[in-house]
Amino acid sequence: MRIISYIAITFISFGSIAQQADVVDFLKGEADIVLDPNTKTVNGKVSYTFRILKETKSIFIDAQTMKIETVSLDDKKTDFEYNDKRIVITSNFKGDSDHNIVIEYVTSPKKALYFVNDYKGNDQIWTQGQGKYTSNWLPSFDDMNEKVEFDLNITYKKGYEVIANGNLIKTEPVNDSIQRWYYDMKQPMSSYLVALVVGKYDKIVETSEEGTPLEMYYYPEDKDKIESTYKHSKRMFDFLEKEIGFAYPWQNYKQIPVKDFLYAGMENTGTTIFSDAFVVDETAFIDRNYINVNAHELAHQWFGDLVTETEGTHHWLQEGFATYYALLAEKEIFGEDYFLYKLYESAEQLTELSKSESATSLLNPKASSLTFYQRGAWAIHALRSLIGDASFKITVHNYLERYKFKNATTDNFIAVAEEVSGTDLQEYRTLWLDNVKFPSQEALDILTKSNFIKKYLSLAQERTQPLAGKWGALAKALEFPINDYIGQEVIYQLGGKTSPEVIALYDKAFDTNNIFVRQAIANALSSIPTDLRKQYESLLQDPSYATIEPALYHLWSNFPENRRKYLDSTKDIIGFNDKNVRILWLVLALSTPDYQTEKHQAFYSELSGYTSSKHHFSTRENAFTYLESLQAFHDQSLEDLVDGATHHNWRFRNFCRKILDKLLKDEKYKKKYVVLMDSLSKNQQDFLQKKLTP
């Protein structure tokens, strides 16, 4: 093996990303992966078959910071060049020739593959390739234009589920404690969509109308949450397959929740990985369900996985379509008003974004997520409105058929739409894709074809009016049958005021028994008039953790004489996966001097215990937030904070670092951390030492 300089390898990489796809086509990859959770290493061997399209002197495969043990070309060991980023193999490759390359390697990935523990301390391993590069754990291709049929063979301990793209064709024992799982794919995909999950899971399996197996995984202890977590999954699958008008392109569809995931979900080919924060009970389903993420990642199986963008400029072809079709699936479940209100809401956000310095066109590869997702969805909805349903559906079908298992650009899609509709779409393209400014008026014109939106906007126009001039309109809006969004608008216009006229409207709002109107009251009415106490107390009985949390806090704050009653009535409520109600309850109980004082130490131990890594990072965030406000950190929670500050989830990591930076401005905490240093891991010690060193 020969190591070449960074300068030399950089020369190869620049200008050759597109060229490599022009001269070589990697066809199939078979990887043998051995995972070791103790050392957090991957021992692997990957074999690629490839065809040389044009004569070339070298090929490369991306591999980030690995120990490359051997490389064989056409069954013979060969020299290679490696700079911790790419493996370069030099040979006299002739055009129209087929070859095979085998790479053996070891790596301890810093990203893209994560070793964590579940809530019971069991091993859990999962991948995230988009934006992180699969080449951190598997020599592969960071260029999404290179599509390969990947088969994974994964070796791990018995007693675990090992899940990957494709069909599980067999398992076989390696010895008494180790097993190997063999997965087979039938079609090519971009490397960033290669995925695996290891963990303790059970599953349920349904079958779509067209015969696709739908595998839905869950933790054994969450058996009672299966129905509420995966509610409408089969219905949405069948709906999207019909609505898109193109058969689901993969062998099966798997969904797997994991702990401390980086995002809400990820659409790996046939294998969606999602945050277990969306594993919910029936009450949590009302406010924080998996429906949108479920539909979004499913839509990506066509838009992103089947047809993939060529580069970031065309990212809306993936995120815009997934966002739009997820909205259509939600429309099927929650109704047209929901669909239209979500479009209105995003139009408002996009209009505001247009006024900022960070505004970009939809075709800017550095556009914001709001632009790619929501403006992309609006561009698609506007196109449908322009060319009509029939032409739109044929356009989508023909686009997917023409570019299936390939890559596409905006020009490719627009060309198909023009062919099908017979419409010159240059003006549409300029308005919706090229312009930096979001076309707010055109969006409004589309929305106001709906009577619901007209009624909503009519009421919204009253926001600046004094109560006396709009009382009648607000009262009428609260009459049966009440609309969720119009009812909430009434509450927000009351602005938390408490005059007799306003109280009369609150009375009417409470009587609607609309869960979303009542939730709006819980959030907006923080100063509770005595006349509304009884009605407000009833919010603690609502089947909504998003209602109970603010209602409990506001009642506890407004009526000190009744604190014991409020705490007693909510003592058994946990809340969402982040334990929002329970953690608030503990803080309020500790802040109530005459309430179960003999248990205050136990309450504090429970509260501070939620900072532990055995909990979901959102639970830990809640606990850290309250401990900071109470200035009640003890040694273990301080250690947990450093653990959080070195966590793989960047959002949680940044959250913890902000709190840590504040604490380290206090000499008391600096001294504590010096004492605690030896109890931290080497990685955590190195991080903290940098923080403590001036």
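Author: Start with overall size. With 694 residues, a compact globule would have a radius of gyration near 26 Å, and the protein has 28 Å, which agrees. That radius is taken over C-alpha atoms, and the globule rule is 2.2 Å times the number of residues to the power 0.38.

Reader: Where does the model come from, and what are the ground rules?

Author: This is a predicted model: local features need pLDDT of at least 70, side-chain atom pairs count only at pLDDT 80 or more, and totals for chains, interfaces and linings use all residues. Residues are numbered from 1 along each chain as its sequence is written, and side-chain values use heavy atoms, with hydrogens and water left out.

Reader: What does the C-alpha trace span along its principal axes?

Author: About 90 × 70 × 50 Å.

Reader: How many helices and strands?

Author: The protein has 28 helices and 23 strands. These are DSSP runs numbered from the N terminus: helices are H or I with at least four residues, strands are E with at least two.

Reader: What share of the residues counts as buried?

Author: 56% of the 694. Buried means under 20% relative accessible area, exposed over 50%, partly exposed in between (1.4 Å probe, protein chains only).

Reader: Switching to helices. Which residues of α25 are buried?

Author: S637, L638, E639, D640, L641, V642, G644 and A645. That is eight of the eleven residues in α25 (635-645), so the helix is mostly covered.

Reader: What covers them?

Author: The cover includes α24 (617-630), α26 (650-663), α27 (667-676) and α28 (682-692).

Reader: How about α6, enclosed or exposed?

Author: Largely enclosed by the rest of the structure, because eight of its nine residues (291-299) are buried. Among them are N294, H296 and E297.

Reader: Now S135. Where is it?

Author: S135 sits in the loop between β10 (123-127) and β11 (147-157). At 0% relative accessibility, S135 is buried.

Reader: What does S135 touch?

Author: Leaving aside neighbours within four places in sequence, S135 is in contact with D62, A63, Q64, M66, S140 and D142. D62 is 73 residues away along the chain, yet its C-alpha atom is 5.7 Å from that of S135. The side chains of S135 and D142 make a polar contact of 2.7 Å. A polar contact is a pair of N or O atoms within 3.5 Å; within protein, one must be able to donate a hydrogen and the other to accept it, and residues adjacent in sequence count only if both atoms are side-chain atoms.

Reader: And E537, buried or exposed?

Author: Buried, because its relative accessibility is 12%. E537 lies in helix α19 (533-537). Its side chain makes a polar contact with the side chain of Y566, at 2.7 Å.

Reader: Which residues have positive phi?

Author: H232 is one, with phi near 70°. Q631 is another, near 50°. H232 is partly exposed at 25% relative accessible area, and Q631 is partly exposed at 44%.

How values were computed:
Contact means heavy atoms within 4.5 Å.
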